[in-house]
Amino acid sequence: MEQEELQRLIEVFLPLKRQGPGSEIETLMALGLTGLDTSKEVQVLDIGSGTGVQTLTLAKALKGTIHAVDLIPEFLDELEKRSGGEDLSATIQTHPCSMDALPFSTNQFDLIWSEGALYNMGFEAAIVYLTPFLKHGGALAVSELSWFTSNRPNALDEHWAKEYPEVGLVSEKSTILEAHGYAIKGYFPLAESSWTEQYYAPLLQRCDELENQMVHSGQEIDPITQHILRETRAEAELYHTYSQYFGYGFYIAQKV
Ligand code: SAH
């Protein structure tokens, strides 16, 4: 991605509460399914935290340290600002780095978390890379783009074949986890409202705001911004049309 496009994307996403689909209830539901003892101090890794909506939820629910990793330092700065105003039980440490080059040790974590971010590395490659950082008996909780059925419209398959060819059935994602030494502790699909109300509604509003600002200030909308606005609106429309066929699955598993 070009630097200019990245800067524009950061500008769009930075003020939003979340940078991907999800909800606080589902973060807590997934945490419950890990079976983690929340009265003990734990070491947690949150991969692709963004501005940290789920990091803050976890930090309120857990004791110990949560290491939030994201490629974009601006998102982590924002997470630090947001955490300042909260009464947190766990400490948050931020690490601006790529998820495939982590500065951590083998067997360091009791819990590895990632909401809507592993696709950046590819699901299976990410699982293989991350597993050594997790203690034996430790838990993994990740949300990942999944097919909910094998019976799908071609147009939808064609779209994701271009955008994220690793999208797979829930059974396939579970098989990958089992093949790499995990026992599945739970699974649930994110609610539709976690895409529409929690994610797309504020995002589309932000796109309209930016567009209106530019139009009102007499600024021409540059091609990069036009592209981002178009893609974002098309993706929201795609979800609206096909939400029964795909979404995010939340997978909760234990390293055995
Ligand atoms: N978990 C957050 C953000 C999800 S969006 C939420 O649900 O709101 C995906 C995040 O992954 C973005 O913040 C993006 O900056 C981050 N990301 C993308 N590529 C990455 C990489 N290689 N390493 C670490 N983070 C990455």
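Colleague: Is lysine 81 buried or exposed in this predicted model?
Modeller: Let's start with the cut-offs: buried means under 20% relative accessible area, exposed over 50%, and partly exposed in between, using a 1.4 Å probe and protein chains only. The relative accessible area of lysine 81 is 63%. That is over 50%, so lysine 81 is exposed.

Colleague: Which pLDDT do side-chain atom pairs need in order to count?
Modeller: Residues are numbered from 1 along each chain as its sequence is written, and side-chain values use heavy atoms, leaving out hydrogens and water. As this is a predicted model, local features need pLDDT of at least 70 and totals for chains, interfaces and linings use all residues, while side-chain atom pairs count only at pLDDT 80 or more.

Colleague: With which residue does glutamate 78 form a salt bridge?
Modeller: Side chains of opposite charge can pair when their charged atoms come close. A salt bridge needs a side-chain nitrogen of Lys or Arg within 4 Å of a carboxyl oxygen of Asp or Glu. With the closest N and O atoms 3.8 Å apart, the partner of glutamate 78 is lysine 81.

Colleague: How far apart are the closest N and O atoms of glutamate 209 and arginine 206?
Modeller: Both residues lie in helix H8 (residues 192–216), three residues apart, about one turn of the helix. Glutamate 209 is partly exposed at 37% relative accessibility, whereas arginine 206 is buried at 13%. The two form a salt bridge, and the closest N and O atoms are separated by 3.3 Å.

Colleague: How many salt bridges are there by this rule?
Modeller: One of them pairs aspartate 157 with arginine 152, with the closest N and O atoms 2.8 Å apart. Others share partners and join Arg8, Glu11 and Asp222 into one network. The count comes to 11.

Colleague: Which side chain of opposite charge is nearest to aspartate 70?
Modeller: Aspartate 70 lies in strand E2 (residues 63–70). This residue is buried yet has no salt bridge. Lys and Arg count as positive and Asp and Glu as negative, with His and the chain ends not counted. The nearest side chain of opposite charge is 11 Å away, and it belongs to arginine 82.

Colleague: How far is the backbone nitrogen of glycine 50 from a polar atom of the side chain of aspartate 70?
Modeller: The residues that aspartate 70 touches (heavy atoms within 4.5 Å) include Gly48, Ser49 and Gly50, leaving aside residues up to four places away in sequence. The distance from the glycine 50 backbone nitrogen to that side-chain atom is 2.8 Å.

Colleague: How much of the area that the ligand exposes when taken alone does the protein bury?
Modeller: There are 19 residues around the ligand (a heavy atom within 4 Å), and Asp70 is among the closest. Nitrogen atoms of the ligand lie 2.8 Å from a backbone N or O atom of methionine 99 and 3.0 Å from a polar side-chain atom of glutamine 54. Taken alone, the ligand exposes 570 Å², of which the protein buries 90%.

Colleague: Near what value is the phi of asparagine 107?
Modeller: Most residues other than glycine have a negative phi. Asparagine 107 sits in the loop between strand E3 (91–96) and strand E4 (109–115). Its phi is positive, near 60°.

Key:
Helix = DSSP H or I, 4+ residues; strand = E, 2+ residues; numbered from the N terminus. Polar contact = N/O pair within 3.5 Å; in protein donor to acceptor, adjacent residues only side chain to side chain. Areas by Shrake-Rupley, 256 points an atom, 1.4 Å probe, with all protein chains shown as cover.
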